Amino acid sequence: MDDSVIDFDLNEPPNDEVGVISFERNTFELNEYPKGIDCSSEDDLAAQKKSEDDLVQNVFDPFLGQCFLSEEEAYVCFQNYARRSGFSIWKDRTNKKNGEVRRQDFVCQCEGKPRLKLVDSSKEQRHKKSISDADEKRILLFKEAGLSVKEMMRVMELEKKVKHGYLPFLEKDVRNLLTKIEKKHEVNDAMDLLYHCKVAKEENSKFQYAFTVDEERKLEHIFWSHTLSFDWYQKFGDVVVFDTTYKVNAYQMPFGIFVGINNHGKTILFGCALLQNETTSAFQWLFKTFTALMKKQPKTILTDQDPWITQAIAKEFPTTKHSFCIWHITSKFSGWFTAVLQSQYQDWCANFYKLYHLDSPEEFEHQWSHLVAKYNMHTNKHVIGLNGIKHFWVPAYLRDHFFGGMTTTRRSESINVFIKRFIGPHSNLSQFVKQVDLAIEDVQQRELHDTMLEKYKDSCLRTMSPLVEQAHGVLTPFCFKKFQEEFGRATLYSLLGENGHEFIVKYHKETTTKKRIVFWDGETATCSCKHFKFWGILCRHILSVFLHKDCYAIPFTYLPIRWSREVPQSEEAPEVLEEETLSDTPIDDIHCPPISKTKGRPKTKRLKGGKEARKVTRSCGFCKKVGHNITTCPEKENIGFVNGSQKKNKKTSK
């Protein structure tokens, strides 16, 4: 700025709650005292003298008509005045003309947040270019690889061989670039997603997808299954884990995934869905679509304790055994029972887990009643609720069904963590689907790696039993390892009694060990522990009977195909959905989905009542006056002396 004078117009007194201080460039100077005082009489002279005394007293306070030589000088003056008065100021909007500042607003803390800049869409906006085209392509490449902005900056510093912080752009510039690109693709986001699915379907008929739109032609729900996922489900779709806890996308749509376990014990992805909401109707559409596209229902399914999911599964998967994740149930115990049981809480947990591993429903019913009576929990609502849903979480009611040994939904976490590496809360739908495809390809690479290891790195045999050799030749290393563990413990069990085809076995050392009843007639083998039904692997009790009865060959029924090295591939053609959900629905006029509303309490401030609703006026801790605190107290220069004297008095008294 030049040396022309800046005129400040104080439209409100400086002690008002809200004040806006402005200066404008003028062609005149005001270096005199405020106008309105005439010095033609003695009374006027007295008034002038009084005014001079006031000005001397407030020599550092700004006054009406005061002039400054620069903007910086004005800002320092008002900043010092604000500090003495117990408030703060900051610079607001600036008006320029021909590159010169014509007006600069200073506002106090009561003004609130800075006003948003009004953008005229009819005019071409000015953009500062700091990021070259080559750097922009590099940044987008790093973004697709899952690097954070800080990691991008550091890699580019190393590539350009510059010191840290010496790139021609800042982190803010990179974030603005990514936001600009994301907004550029927002308009056609839904159509890009559907076009991606349509092309994938044309390339391979096993790719499955279906979607629905609302009355405004906005995308509502969508389900898709990759070609590899479809093949995996035909081979390993007997048990499914369904989870909807992941919600990272630009529309906050719940992301539901169907995962399972392959013959190598690795997590595989069967299908994905983006839903507008988490209601019973949404889940019903999803499970109905899943059955129609994937050709069959799962035998068992594991989910969180969600009433909407439970109702939808009961409606659309009537023959599927439904189980709740035990981790989500026990994780609430601390909040439920700590205050009620207090010092007995740890004992309650220990007794609960013993009860949890019981084999038969009759044992569980007896022990549960004893546990509730021991801790006097008959009227506890959480205990009553747990007993009401016992068929969904108690293993004694689930061991007759195959779950692959799974009792929690944690297998879905590995898929979620992988996807989260590459996308953020503002990622569009097409990016989201591409990263899911990348996760599926990663699973395929690990599956091929495991298959290769089978051929070149064989499992070691701990014993030379014919049973072990037979299992080794059929089962994958993952399953054979568990079989070998059970076989190793089988030698520790003794045969207590025999009644026809029923045998009683027991651990050879402890006298209080539970006895197991095994049935074996030369072809069929069952055990009261139901380990084979739940896991698909023979238990130590049955293997112990095999050893005692000189059985040298395992019936192939007890070497399941789903755990074998070679799983047959299904060649059946996929079914077609009903007309309202066909994948060839026109996608040219489908709009982006609205922002989804999550379940639970809305993210708003709760209403305050009682004493909370009363407005508390705080005063300075030093001078006891209202309007500032001890840090901004105008008499703070005395604080150091007082504190020093207090410390000195304390030291003297000691």
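The second largest cavity has a volume of about 40 Å³. The structure is a predicted model, and a search of the whole of it finds 2 cavities of 30 Å³ or more. The mean pLDDT of the chain is 78, and 74% of its residues reach 70 or more.

**Cavities**

- The residues that line the second largest cavity are Leu 475, Cys 479, Phe 483, Gly 536, Ile 537, Leu 538, Tyr 558, Leu 559, Pro 560 and Trp 563.
- By class, 9 nonpolar residues and 1 polar residue make up the lining of the second largest cavity, with no charged residues.
- The largest cavity holds about 50 Å³ of space.
- Around the largest cavity lie Leu 302, Ser 323, Phe 324, Ile 326, Tyr 356, Trp 393, Pro 395, Leu 398, Phe 403, Met 406, Thr 407 and Phe 534.
- The lining of the largest cavity comprises 10 nonpolar and 2 polar residues, and no charged residues.

**Cysteines**

- The count of disulfides in the model comes to 0.
- For Cys 633, the closest cysteine sulfur is that of Cys 623, at 3.8 Å; a disulfide requires sulfur atoms within 2.5 Å, so this separation is too far for a bond.
- Cys 633 counts as buried because its relative accessibility is 1%, under the cut-off of 20%.
- Cys 272 is likewise buried, with a relative accessible area of 2%.

**Confidence along the chain**

- Over residues 576-583 the pLDDT is below 50, and this stretch has 14 contacts in the model beyond near neighbours in sequence.
- Over residues 639-654 the pLDDT stays under 50, and the model has 3 contacts for this stretch beyond four places in sequence.
- Where pLDDT is low, the predicted coordinates should not be read in detail.

- Helix H21 spans residues 540-548, and its buried residues are His 541, Ile 542, Leu 543, Ser 544, Val 545 and Phe 546.
- Among the elements that cover these buried residues are helix H18 (466-474) and helix H19 (477-490).
- The cover of H21 also includes strand E13 (493-499), strand E14 (502-507), strand E15 (516-520) and strand E16 (525-527).

**Thr 330**

- Thr 330 belongs to helix H10, which covers residues 326-330.
- With a relative accessibility of 15%, Thr 330 counts as buried.
- Neighbours within four places in sequence aside, Thr 330 is in contact with Phe 352 and Tyr 353.
- Thr 330 and Cys 349 are 19 residues apart along the chain, and their C-alpha atoms are separated by 9.0 Å.

**Lysines with positive phi**

- Lys 295 is found in the loop between helix H8 (280-294) and strand E11 (300-303), and its phi is near 80 degrees, a positive value in a residue other than glycine.
- Lys 295 counts as buried because its relative accessibility of 16% falls under the cut-off of 20%.
- Lys 530 lies in the loop between E16 and helix H20 (531-535), and also has a positive phi, near 55 degrees, in a residue other than glycine.

How values were computed. Residues numbered from 1 in each chain as written. Predicted model: local features only at pLDDT ≥ 70, side-chain atom pairs only at ≥ 80, totals over all residues. Heavy atoms only, no water. 1 Å grid on protein atoms, 1.4 Å probe; cavity = no way out; pocket = protein on both sides within 12 Å on 5 of 7 lines; lining within 4 Å. Points joined across faces, edges and corners; volume = space filled by probe spheres on them. Nonpolar A, V, L, I, M, F, W, Y, C, P; charged D, E, K, R; others polar. Buried < 20%, exposed > 50% of the residue type's maximum accessible area, 1.4 Å probe, protein only. pLDDT = per-residue confidence, 0-100. Contact = heavy atoms within 4.5 Å. Helix = DSSP H or I, 4+ residues; strand = E, 2+ residues; numbered from the N terminus.
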